[in-house]
Amino acid sequence: MSDRHSTVPESEKVVIVEDDRTSMVRDALHRAFLDHLAYMRGRQLESATSLDRLHALSFVVRDRLMARWAATRKKLNSEKKKRVYYLSAEFLLGRLLASNLHALGLYDEMRSILAELKVDLSDLVEKEPDAGLGNGGLGRLAACFLDSMATLGLNGYGYGIRYEFGIFEQAFKNGWQHEKPDEWLRFGNPWEIVRPEHTVEVNFYGRCVESADRAGRFNVQWVDTQKVLGVPYDTLVAGYGNGMVNTLRLWQARSSNEFDFGLFNDGDYVRAVEDKTSSEVISKVLYPNDHNQAGRELRLKQEYFFVACAVHDIVRRHFKRGGIAHDFAKRNAIQLNDTHPAIAVAELMRVLIDEHHIPWDAAWEITVATFGYTNHTLLAEALEKWSVALFERLLPRHLQIIYEVNRRFLRQVSIRFPGDEARLRRMSLIEEGTERKVRMAYLAVVGSHQVNGVAALHTRLLKETVLSDFAEYDPEKFSNKTNGVTPRRWIRQCNPRLASMLTELVGPGWETDLDRLRELEKHADDDQVIDRLAAIKRANKSDFSNYCAETYEHKLDPNTLFDVQIKRLHEYKRQLLNALHIVRLYLDIKRDPRSVQAPRTFLFGAKAAPGYKSAKLIIKLINSIASVIGQDSSVKGLLDVFFVPNYRVSLAERMIPASDLSEQISTAGKEASGTGNMKFAMNGALTIGTLDGANIEIREAVGAENFFLFGLTADEVTARLANGYQPRAIYESNERLREVLDLIASGFFEPENRTVFRPLVDDLLARDPYMLLADFDAYVSCQQAVSERYQDTRGWHRMALRNIAKMGPFSSDRTIYEYAHEIWGAL
């Protein structure tokens, strides 16, 4: 077993001294559940509601985590292990009850105990709300990374925002997406512990006053600021089976002046709480719409708020534990999860210079040695830029620091490349133009000692395109760390049938050493094993079909091929290409029902950002196509389409084990990595995809013969665009494509509003920036190959087994081991 797969050696595991409050013995667990019902919820078993029982069980688990957390802190503090801090605007945790029970090895025991009490553990798990504190892959990746840090025994912390309302709840009305607040805290959160003693004061606005002290040293004071309080809430993050428990600290905004008694007594009740309202909106909602000035200001406030709280907490902890300024980077590593927390570079500089009076050069050396930056996108829209005017008003001291960082950095660039003014403009942290802007991604690059992409192709394109000048200037700074996902949640928890089979075939321990799944290959020619894998898939499909019937009154046919695309709705992810293929398939079936080789059920799950009109129109189109197909009896049993509403982590845990085909069809060069592709393959779904993101590495791992490949490569996409891409010419020369687009444009799928989808078609014909028309024929042909292959049941599941067997490199444990070894120096 390689080092990266080790959790914690037996000799180093946290020692647990059990008492009746923390005992893992059956009788004590039974008693603890009833005690928490009685003393935490004020209920007897007979009168307890589902919520009472859920919270009582959560407290039973939390007690045991708390004991391990305390022992973990004591042990790590005595060892002075390097602390790793993961700063992320998103943590898409999902439900915690089942994952914590699995981590403690208590899931089966508690299920049995509760069954004796006539309580169904599965029902309680379903009652827990998803902690939807993320928008998609970025937030879910952060959650997987915290899991792996604890499982690998790292001294890890996560920092983010305790959003009162997470990612919105999605509902469909006449096929259109409608958003409702995600009130995940409505009934309380038994997993969190508030820490008001560590409240942080965060400053905004104000002005800077420059002066010199008695020794003649330059000083800056940031004065006349508006103050907001950051109150920390801790969530415990359990390692799997090793007694290790780390901390996710989320910050809630509170007013420093919650109530103006004078205004209230004067009858001005609204203004009396105005400061409270304006302060607390900072942590009110995940990603406010930033299509207006107020929204942009709130976004920047959010980013600085949690970063300021985190940096304060990190610095406080360092000095409390006896650290000195000049060993800060040796004892602390801070990783920026994408560009949202990039302001942390300027904030740490401010704290070191203004509050701890460290000279600039020493402070900068500490800062760069402390930070690492993970870039997650090549899309310009996600490489954040903030107007200088907004920065100057909201964070004047930080703008001063950024200016000075930029001045010194550009001086070094000019020495390296004398006379290259164009290069200086390209690499400047300040973008000149009609509106001057701060380039936050550049700040993160300059202020970090390591910059990484998240898949081999993404890292190459990062160095060749958006950060090419920086890669040329300092090539050793750049590396790749391909993303991964935790097999604890994404196999062990969500697919217990498959997990049991894996344990039988390769033995226990694969959950923390996923490379052991390679042993499955020796069973690839064993028909009994293949048939069992097929039966597991069929049972999972039946489960999801029953769930859809009960929840949405939509019965799926588990005998059909489940073709699934679940991910954030964005045009580059090409849900629209999937829809075009469905229309093509529908037309073919209408002409000749005998042409169907493999009846299909197309399943979608996605949320579109509330202000993203094109994405919301694509959702409407897919729902309209689903409605027409659902009403057409001539295709019944051959073709079905269902857009599952309110996609979230717990829904993914149901859909992924039930999937036959995984749609990973983004335009080549646009998807940084993708992690859904890994989750599907781990659960025995085959991939249809482009050479994009981690698809490339998955295909290399599983073998080209076990992957359905289509489409242009990233280099071919670039070349086509450079040579003047003409999508209308493709439309005019391709009768099968033209028939599809004309049908959509005609209003066939929405007869009461016949022009509603015309903008989608017009944009494809005029621009098609994500090359749907260029890849259409290849995609349709590849889907035909899928249908042909699916008819051979054993052959299909043999391919699935080989996919599962080669998923070892895509565990987040491998990713975190590489971060810890190569970036953080924490092993």
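Modeller: Happy to; we can look at a helix, some strands and a few ring contacts.

Modeller: This is a predicted model, where local features need pLDDT of at least 70, side-chain atom pairs count only at pLDDT 80 or more, and totals for chains, interfaces and linings use all residues. Residues are numbered from 1 along each chain as its sequence is written, and side-chain values use heavy atoms, with hydrogens and water left out.

Colleague: Thanks! What span should helix H10 have, and what do its end C-alpha atoms give?

Modeller: H10 covers residues 293-320, and its 28 residues should span 40 Å at 1.5 Å a residue; the end C-alpha atoms are 40 Å apart, which agrees. The expected span is 1.5 Å times one less than the number of residues. Helices (H or I, at least four residues) and strands (E, at least two) are DSSP runs, numbered from the N terminus.

Colleague: And how many residues of H10 are buried?

Modeller: 21 of its 28, so H10 is mostly covered. Buried means under 20% relative accessible area, exposed over 50%, and partly exposed in between (1.4 Å probe, protein chains only).

Colleague: What follows H10?

Modeller: Gly-322, with a positive phi near 90 degrees.

Colleague: Switching to strands: which way do the residues of E23 point?

Modeller: In E23 (residues 661-664), Leu-661 and Glu-663 point one way, Ser-662 and Gln-664 the other way, and all are buried.

Colleague: In what sense does E23 pair with E24?

Modeller: Parallel, over four bridges, with E24 being residues 686-689. Strands pair if DSSP finds at least two bridges between them. From E23 the chain crosses through helix H26 (residues 676-682) to E24, in a right-handed β-α-β crossover. Right-handed here means that, with the strands pointing away from the viewer, the path from the first strand over the helix to the second runs clockwise.

Colleague: Nice. How many aromatic pairs are there?

Modeller: The count comes to 20, taking Phe, Tyr and Trp (its six-membered ring) with centres within 6.5 Å; planes under 30 degrees apart are stacked, over 60 edge-to-face and the rest tilted. In one of them, the rings of Phe-204 and Tyr-304 have centres 5.7 Å apart and planes at 80 degrees, so the pair is edge-to-face. Phe-204 lies in strand E8 (residues 200-204) and Tyr-304 in H10, so this pair ties together parts 100 residues apart in sequence.

Colleague: Are those two buried or exposed?

Modeller: Both Phe-204 and Tyr-304 are buried.
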